[in-house]
Amino acid sequence: MMELLLNIVNDALFSAVPAIGFAMVFNVPKRFLPYCALAGAVGHSLRTLLMHFNMPIEWATFVAAAVVGVLTIGFAKRHLAPPLMYAVAAIIPMIPGTYAYNTVIALVQLTAQSDISPELTSEVINNGLKTVFILGALSVGLAMPSLLYYRTRPVI
């Protein structure tokens with residue numbers, strides 16, 4: 001239990017760094033950087049926690065992005081700022097770079113060979129689909145709270 005807690009805290013600290021970095025790239029004002037870091041840390045560490053309990057990475061990313069969306073709406077209401085100012089920087093640490101990289105590398109290896117390898121084809125398809133589904137989970141999970149919160153008509 002203590003090891004899990006240390007892993008989550010470690011994950012939160014190291015995911016806050018790219019959130020701050022990308023917030024600075026997107027010209028977020030300096031006073032809002034801690035909130036971007038907090039949203040990035042909460043989102044990535046929640047995804048790590050859910051994956052520890054055997055939730056697939058796609059669904060864990062969806063839930064984490066939805067929580068980031070709710071959290072950034074709260075920040076936006078408190079500071080009278082647009083929620084995407086916090087949210088875009090906060091979800092950057094959850095971008096599936098490793099899966100995309102492995103997809104491209106396997107695709108290059110596949111095209112360099114004269115005969116088609118079933119193993120490389122399977123790797124391209126698996127990593128490519130995982131990349132697409134994680135990116136979809138990020139976008140839908142981040143947009144869903146705003147769609148529900150700023151809705152003018154009742155849901156039911």
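**Reading the helices**

Tutor: Let's start with the secondary structure: the chain has six helices and zero strands. Helices (H or I, at least four residues) and strands (E, at least two) are DSSP runs, numbered from the N terminus. Following the sequence, you get the pattern α-α-α-α-α-α. Keep in mind that this is a predicted model, where local features need pLDDT of at least 70 and side-chain atom pairs count only at pLDDT 80 or more, while totals for chains, interfaces and linings use all residues. Residues are numbered from 1 along each chain as its sequence is written, and side-chain values use heavy atoms, with hydrogens and water left out.

Student: What box do the C-alpha atoms fill, and what percentage of the residues count as buried?

Tutor: Taken along the principal axes, the box is roughly 60 × 45 × 35 Å. Buried means under 20% relative accessible area, exposed means over 50%, and partly exposed is in between (1.4 Å probe, protein chains only). Here 39% of the 156 residues are buried. The accessible surface is about 9500 Å², and 71% of that belongs to carbon and sulfur atoms. Those areas come from the Shrake-Rupley method with a 1.4 Å probe, and for residues, only the protein chains shown count as cover.

Student: How do I describe two helices that pack together?

Tutor: Two packed helices are described by the angle between their axes and the distance between the axes. The axes are lines fitted to C-alpha atoms, for helices over the stretch in contact, and angles run from 0 to 180 degrees between N-to-C directions. Take helix 3 (residues 57-79) and helix 6 (residues 118-149): their axes are 7 Å apart, at an angle of about 35°. The crossing of this pair is right-handed. A crossing is right-handed if the near helix is turned clockwise from the far one by less than a right angle, and left-handed if anticlockwise.

Student: Which residues of helix 3 and helix 6 meet?

Tutor: Contact means heavy atoms within 4.5 Å. On the helix 3 side, the residues include Phe62, Ala65, Val70 and Ile73, and on the helix 6 side they include Phe133, Leu138, Leu142 and Tyr149. By class, this contact has 16 nonpolar, four polar and three charged residues. Ala, Val, Leu, Ile, Met, Phe, Trp, Tyr, Cys and Pro count as nonpolar, Asp, Glu, Lys and Arg as charged, and the others, Gly among them, as polar.

Student: At what angle do helix 3 and helix 4 cross?

Tutor: Helix 3 and helix 4 (residues 83-91) cross at roughly 145°, and their axes come within 8 Å. This crossing is right-handed. Among the residues that meet are Thr72, Phe75 and His79 from helix 3, with Tyr86 and Ala90 from helix 4. The contact has nine nonpolar, two polar and no charged residues.

Student: Which residues touch the most other members of the largest nonpolar core?

Tutor: A nonpolar core is a set of buried Ala, Val, Leu, Ile, Met, Phe, Trp, Tyr and Cys residues joined through side-chain atoms within 4.5 Å. The largest one has 21 residues, and Val28 and Tyr86 touch the most other members. At least two residues each come from helix 2 (33-52), helix 3, helix 4 and helix 6. Helix 4 gives the most, with six residues. Leaving aside neighbours within four places in sequence, the contacts of Tyr86 include Phe32, Tyr35, Cys36 and Ala81.

Student: Is Thr131 buried or exposed?

Tutor: Thr131 counts as buried because its relative accessibility is 10%. Find Thr131 in helix 6. Beyond its neighbours within four places in sequence, Thr131 is in contact with Pro96, Tyr99, Ala100 and Thr103. Now compare Leu5 in helix 1 (residues 2-25). Leu5 counts as partly exposed because its relative accessibility is 49%.

Student: Which residues other than glycine have a positive phi?

Tutor: Look at Asn54, with a phi of about 65°, and Leu80, with a phi near 55°. Asn54 is in the loop between helix 2 and helix 3, and Leu80 is in the loop between helix 3 and helix 4. With a relative accessible area of 71%, Asn54 is exposed. Leu80 is exposed too, at 80%.

Student: How far apart in space are Ala143 and Thr98?

Tutor: They are 24 Å apart, C-alpha to C-alpha, and 45 residues apart in sequence. For Leu5 and Leu49, 44 residues apart along the chain, the C-alpha atoms are separated by 9.2 Å.
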